[in-house]
Amino acid sequence: MNSLFIIISLGPMALYLLVLAFINSRSCPTVVSGKRDLIFLGLGLIGFVFIGPIQMLVPINAIIVWKFWVWFLLLSLYFLLIVFLGTFRRPQIILYNISYDEARSLLSRLALELDFEARWAGASLNLPGLGIQFYLENCSFLKNVSLIAAGEQPDLRGWNRLEEALVQATRNMKSGINPANKYFVALGIIIFIYLLIILIGNREIILESLKFYLFS
């Protein structure tokens, strides 16, 4: 594989892993909306999309005529696609660096503050006063819990109110550092060292490839 393509594909993923490592190294939980989480993941995968579908669909003649504007347009369309998917998917909130029991306890307390009619049914929580219902999805290895909307049409204002309440409640909450953090750090650093070795050993080839794809 072209050295430039290796750097393009693995560079964003290494950054994604190191950001995950930072989030999971915090002693308090981090609240992220499903839309932001999808955009974040999409940016981490952008390199693989670039050397895969985008690279295969772009005619060489288009690169020669439009030069770097071709890549700018395609990457803009990719970003808009991610935003589109994030907007029309079911509402979701991800609680990073928190155990299932801690998340359930936190939600039980917040639910009574937000809606006195709140009721649990297994792993699902119904807040009729806010017009929302959701269920919990646990990922114990990564130590995060997802709140996924259930029902036909959740009230977005109620969902946003729940997210704001979670952000406020987790600011002073201590949950400990995620043990999986070390894996994210190690993998991210290994990838960066590998890319640095490729960059140092193939500088001329990489520069020639850049000139071709951007300025040919």
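Start at E4 and strand E5 (residues 132-139): four bridges join the two, which run antiparallel. Strands here are DSSP runs (E, at least two residues), helices are DSSP runs too (H or I, at least four), and both are numbered from the N terminus. Two strands pair if DSSP finds at least two bridges between them.

Before moving on, a word on the model. It is predicted: local features need pLDDT of at least 70, side-chain atom pairs count only at pLDDT 80 or more, and totals for chains, interfaces and linings use all residues. Residues are numbered from 1 along each chain as its sequence is written, and side-chain values use heavy atoms, with hydrogens and water left out.

**Stop 1: the strands around E4**

Select Ser124 and Tyr135. Tyr135 in E5 is the bridge partner of Ser124. Now go to the hairpin of E4 and E5. Four residues lie between its strands, and Gly131 takes a positive phi near 75 degrees.

Next, select strand E3 (residues 119-121). Three bridges join E3 to E4, and these strands also run antiparallel. Ala121 has Ser124 of E4 as its bridge partner. The hairpin of E3 and E4 has two residues between the strands; there Gly122 takes a positive phi near 70 degrees.

Which residues of strand E4 lie on its covered face, and which on the uncovered one? Colour residues 124-127 to see. Leu125 and Leu127 form the covered face, while Ser124 and Asn126 form the uncovered one.

**Stop 2: the cores**

Show Phe134, Leu147, Leu162 and Leu166. These have the most contacts inside the largest nonpolar core, which has 25 residues. A nonpolar core is a set of buried Ala, Val, Leu, Ile, Met, Phe, Trp, Tyr and Cys residues joined through side-chain atoms within 4.5 Å. Buried means under 20% relative accessible area, exposed means over 50%, and partly exposed lies in between (1.4 Å probe, protein chains only).

At least two residues of this core come from each of strand E2 (92-96), helix H6 (100-114), E4, E5, strand E6 (144-149) and helix H7 (156-170). H6 supplies the largest share, six residues.

Return to Leu147 and display its contacts (heavy atoms within 4.5 Å). Leaving out residues up to four places away in sequence, Leu147 touches Pro91, Gln92, Ile93, Leu95, Leu107, Phe134, Tyr135, Leu136, Trp159, Leu162 and Leu166.

**Stop 3: the salt bridges**

How many salt bridges are there? The count comes to three, each a side-chain nitrogen of Lys or Arg within 4 Å of a carboxyl oxygen of Asp or Glu. Side chains of opposite charge can pair when their charged atoms come close.

Select Arg36 and Glu163. Their side chains meet in a salt bridge at 3.2 Å, N to O. The pair links distant parts of the chain: Arg36 is in helix H2 (residues 34-44) and Glu163 in helix H7, 127 residues apart. Arg36 counts as exposed because its relative accessibility is 53%. Glu163 is at 14%, so it counts as buried.

Move to Glu113 and Arg109, whose salt bridge spans 3.8 Å, N to O. Both lie in helix H6, four residues apart, about one turn of the helix. Glu113 is exposed, at 54% relative accessible area; Arg109 is partly exposed, at 43%.

Finish at Arg157 and Asp155. Their side chains meet in a salt bridge at 3.8 Å, N to O. Arg157 is exposed, with 70% relative accessible area, and Asp155 is partly exposed, at 26%.
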